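Work through the exercises below with the sequence and the 3D view side by side. Try each task before reading its solution.

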Amino acid sequence: MSPFEFDLLVGHDSAHLQQAACKGRHGLFDARRHNEPHTDAAKRHTAATTICRRCPALEACQRWADTLTRAERADSGVLAGTPPPDTRRPTQETHK
């Protein structure tokens, strides 16, 4: 999650999201980077989802994420404890 996305998230439900565990850690949550090996992105996203699952703001974050369209979520990386589709399961193409 980029710093910009975090600012949008906090603006949505600021009382519940000020203590979000992802604050300042957006690098773990960001979508897979261009030319980033699938395994590296998967490791980052695994760490990010672990942080999310223990976050005191997870429910508020999930409510916010539920308001987003599929297009808005497309490049979001880990969001509300859910990894992006491209790192959930490796395909043969990602191993080339």
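**Exercise 1: The cavity lining**

α4 (38-53) and α5 (58-66) each give at least two residues to the lining of the largest cavity. The model is a predicted one.

Task: Find how many cavities of 30 Å³ or more the structure holds, then describe the lining of the largest cavity by residue class.

Solution. 
- Step 1. Count the cavities of 30 Å³ or more: the structure holds one.
- Step 2. Sort the lining by class. It holds 11 nonpolar residues, no polar ones and no charged ones.

**Exercise 2: The overall fold**

Task: State how many helices and strands the protein has, and what share of its residues is buried.

Solution. 
- Step 1. Count the elements. There are seven helices and zero strands.
- Step 2. Read along the sequence. The pattern is α-α-α-α-α-α-α.
- Step 3. Turn to burial. Of the 96 residues, 39% count as buried.
- Step 4. Residues 24 or more positions apart account for 54% of them.

**Exercise 3: Helix α4**

Task: Compare the reach of α4 with the span expected at 1.5 Å a residue, and list its buried residues.

Solution. 
- Step 1. Take the length. α4 has 16 residues.
- Step 2. Take the reach. From first C-alpha to last, α4 spans 22 Å, close to the 22 Å expected.
- Step 3. Recall helix geometry. An α-helix has 3.6 residues a turn, so residues three or four places apart point the same way.
- Step 4. List the buried residues of α4: His 38, Ala 41, Ala 42, Arg 44, His 45, Ala 48, Thr 49, Ile 51 and Cys 52.

**Exercise 4: Two residues and their partners**

Task: Decide whether Leu 58 is buried or exposed, and which residues Ala 21 contacts beyond its sequence neighbours.

Solution. 
- Step 1. Apply the cut-off. Buried means under 20% relative accessible area. Leu 58 has 18%, so it is buried.
- Step 2. Find its partners. Not counting residues up to four places away in sequence, Leu 58 touches Cys 52, Arg 53, Ala 80 and Gly 81.
- Step 3. Check one of these pairs. Leu 58 and Gly 81 are 23 residues apart in sequence, and their C-alpha atoms are 7.5 Å apart.
- Step 4. At 23% relative accessible area, Ala 21 is partly exposed.
- Step 5. Find its contacts. Leaving aside neighbours within four places, Ala 21 contacts Ile 51 and Cys 55.

**Exercise 5: Positive phi**

Task: Which is buried and which is exposed, Asn 35 or Ala 80?

Solution. 
- Step 1. Recall the background. Most residues other than glycine have a negative phi.
- Step 2. Take Asn 35. Its phi is near 70 degrees, a positive value. Asn 35 lies in the loop between α3 and α4, and it is exposed at 67% relative accessible area.
- Step 3. Take Ala 80. Its phi is positive too, about 55 degrees. Ala 80 lies in the loop between α6 (70-73) and α7 (85-88).
- Step 4. Read its burial. With a relative accessible area of 8%, Ala 80 is buried.

Terms used:
Residues numbered from 1 in each chain as written. Predicted model: local features only at pLDDT ≥ 70, side-chain atom pairs only at ≥ 80, totals over all residues. Heavy atoms only, no water. Helix = DSSP H or I, 4+ residues; strand = E, 2+ residues; numbered from the N terminus. Buried < 20%, exposed > 50% of the residue type's maximum accessible area, 1.4 Å probe, protein only. Contact = heavy atoms within 4.5 Å. 1 Å grid on protein atoms, 1.4 Å probe; cavity = no way out; pocket = protein on both sides within 12 Å on 5 of 7 lines; lining within 4 Å. Points joined across faces, edges and corners; volume = space filled by probe spheres on them. Nonpolar A, V, L, I, M, F, W, Y, C, P; charged D, E, K, R; others polar. Expected span 1.5 Å × (residues − 1).
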